[in-house]
Amino acid sequence: MNWDIARKNFYRQGMRAFLNVLVTALSIIALIFMLSLLNGFQAQSTRNLVTTDIAGGHYRAPGFDILAPTEWEDHTLKVPGKLLQLPTTDKVEVLVQQGQLYPNRRLYPVQIRGISMDQTLLSLPLDNLKNFDQKIEDVIPAVVGVKMARKALLKKGDLLTLKWRDKSGAVDARDILIVDVGDMINPRVDDGVVWLRLDHLRSMTDRENEVSWVAVRNYIGAVDSFDFQPVEHLMADLLALFNQDRRNSKILWSILMILVCTSVFNTQVLNIFKRQKEIGTLMALGMDSNRIVRIFTLEGTLAAIWALVIAAILGIPFFIWYQGVGFDVTHLSEATFPVRETIYPDYQALEIFYSLAIVFVLMVLAAWLPVRKITRLDPTLALRGRAIT
Amino acid sequence: MSLKKIFPGFAGILILFSISVVSSRAEELDAQKLLEQVDENLWADTKFISGRLIIDNGRKVRILTQDSWMEGVTRSYSHYKSPPREKGTKMLKIGGKLWMYTPRTDRKILIAGHLLRQSMMGSDLSYEDMMEDHKLSRAYAASLEGYEDMEGTRVAVLHLVAHDKKTTYQTRKAWINPENKTVLKEERFAKSGKKLKSILFKDYEKIEGRMFPRTMIFKDLLKENTQTTYKFDVIEFNVKIPARYFSQSILKR
């Protein structure tokens, strides 16, 4: 009975009801889109970092900080037995040193990164490095990323000088051959990085069996003289950024919700004002004022339900289309974010459910709050349309 | 005996004689001693230099003027007088440490460890090159490679190999005039043997009994079209240097 009255009243509102529903539906679409895009951004950058650099975490030489290049050479250690025993599928030994590259005889400071060639844990385009059969005495093979190649004007087959220091501090320089320009999906292992074979870098710097870190698939417990740094720690800067983005998106979402609720609230206030005589008649006929409140609240609920339906009708095709084209973030990949040129939204069912539930509850509340005053109306004044002035 | 038969034998003896004279001269010259004499000539107990550092990076030439006070090989203090951007910059070297003071920041910075390897004010010299604190004869074992003609002077070419594997340049080559114990040219090599830097010593003058170059031209051979010229306008040996010059308290406005 209540439902039928509410439904009829709702449809009778016509354009006003439709605009309310449309605004709410668009807000829901914007909310889901915003959250999913952030999820996609986080998922892609985490995946890229994990598959190209950090795996399941690093066992690092104490004090090693990738942001302190002048100290890299002071923080290398021999690989401990516990890590040596790990299969090559579960670990990657990495040695990082500071160097100076001279493309076209111009100084270009670089990070020299030596990586074990038998590893399969990280996905890096280093096949040409692995398969290069010339001895190190002739020329040192190296791989650079596309971004690095573009910035330093390098191409496959280039021969140029690399300068570095050995363990004792003596300066050394040799010619390196760019055996490949690899497409790195993570700018952090591309920009300013020259990839060498670990055995070559160790021999060049007199650092036999030494590493800066060992990336592992899983944490294997404490290892003597090495500090374990989990994924969360290694990508702390990005996670902090995502958290900030989520906070910002919540502010934006709150503004949207305030607008939607204001719209519903306003509609309900107008409804009561315009339908005073209807309310007075219902009261005069003996209808309980609480029941009238329920009917009016149901009208708001109906708007929320329709908003969800319209959001589904408009949103699902949009989301499917967008999943195909993605969001262009070329500018971010240029700024060393570990994302490719395009990111794709990552829709998470539970998150969407919670978001929709919150929107629904807020709309019902916004519909209920203004109609509470019906319980305080004088039926005789309401019948004459003078209960609310 | 015909002359034709005698001549080949004579020529052979002459060649052998020439070779033996050259080799005996090479053996006569004690490379290590020559290097010590060069050090002796260059290094004084104390020294004051007022000079210009002309940095040419291939696109732009900058001229820095500075006054430097040096005590032995371990302590030195430099004060930059121009250009306006560098005016008031001070550098103090004590042993293996180098402090730099810049008036713009009004702070002193310790340049130590790996920072010493960075280019000094965009020049072809690193801080490490600038604050070299050892005599060549102590750090390197010298051997004579031979003789060469250089600008009309017969110079001995010494091959220097570092005693210590921590020495930055493991090998060097020095072109030395054995007559007046002056270095005319030096080349510095990487461990692999790749030539990295060259230094030309020019405009030698006798100052207070020592032969001292008025001009030094540094070139980073891995870079293109760059060179740093160090011109010494005033050189004084065995000057009295106030003790405060070698104290960190000097590193302020």
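Predicted model: local features only at pLDDT ≥ 70, side-chain atom pairs only at ≥ 80, totals over all residues.
View 1. Strand β3 covers residues 75-82 of chain B. The two strands run antiparallel and are joined by seven bridges. One bridge pairs B:Glu71 with B:Arg75 in β3(B).

**View 2. β1(B) and β2(B) make a hairpin with four residues between the strands.** Strand β1 spans residues 46-56 of chain B, and strand β2 spans residues 61-71. They run antiparallel, joined by 11 bridges. B:Phe48 stands opposite B:Trp69 in β2(B). In this hairpin, B:Gly58 takes a positive phi near 95°.

**View 3. Chain B meets chain A.** Here 22 residues of chain B contact 23 residues of chain A. The area buried between the chains is about 1,900 Å². Carbon and sulfur atoms give 48% of that area. Which three residues supply more of the area that chain B buries against chain A than any other three? They are B:His114, B:Lys191 and B:Leu222, with 31%.

**View 4. A salt bridge joins B:Lys191 to A:Asp166.** The two side chains meet at 2.8 Å, N to O. The count between chain B and chain A is four salt bridges. Polar contacts link 12 residue pairs across the interface, both residues at pLDDT 80 or more.

View 5. The mean pLDDT of chain B is 85, and 89% of its residues reach 70 or more. Over residues 6-27, the pLDDT is below 50. Beyond near neighbours in sequence, this stretch has five contacts in the model.

Technical notes: Residues numbered from 1 in each chain as written. Chains lettered and ligands numbered in written order. Heavy atoms only, no water. Contact = heavy atoms within 4.5 Å. Buried area = accessible area lost by both parts, 1.4 Å probe. Polar contact = N/O pair within 3.5 Å; in protein donor to acceptor, adjacent residues only side chain to side chain. pLDDT = per-residue confidence, 0-100. Pairing = 2+ DSSP bridges.
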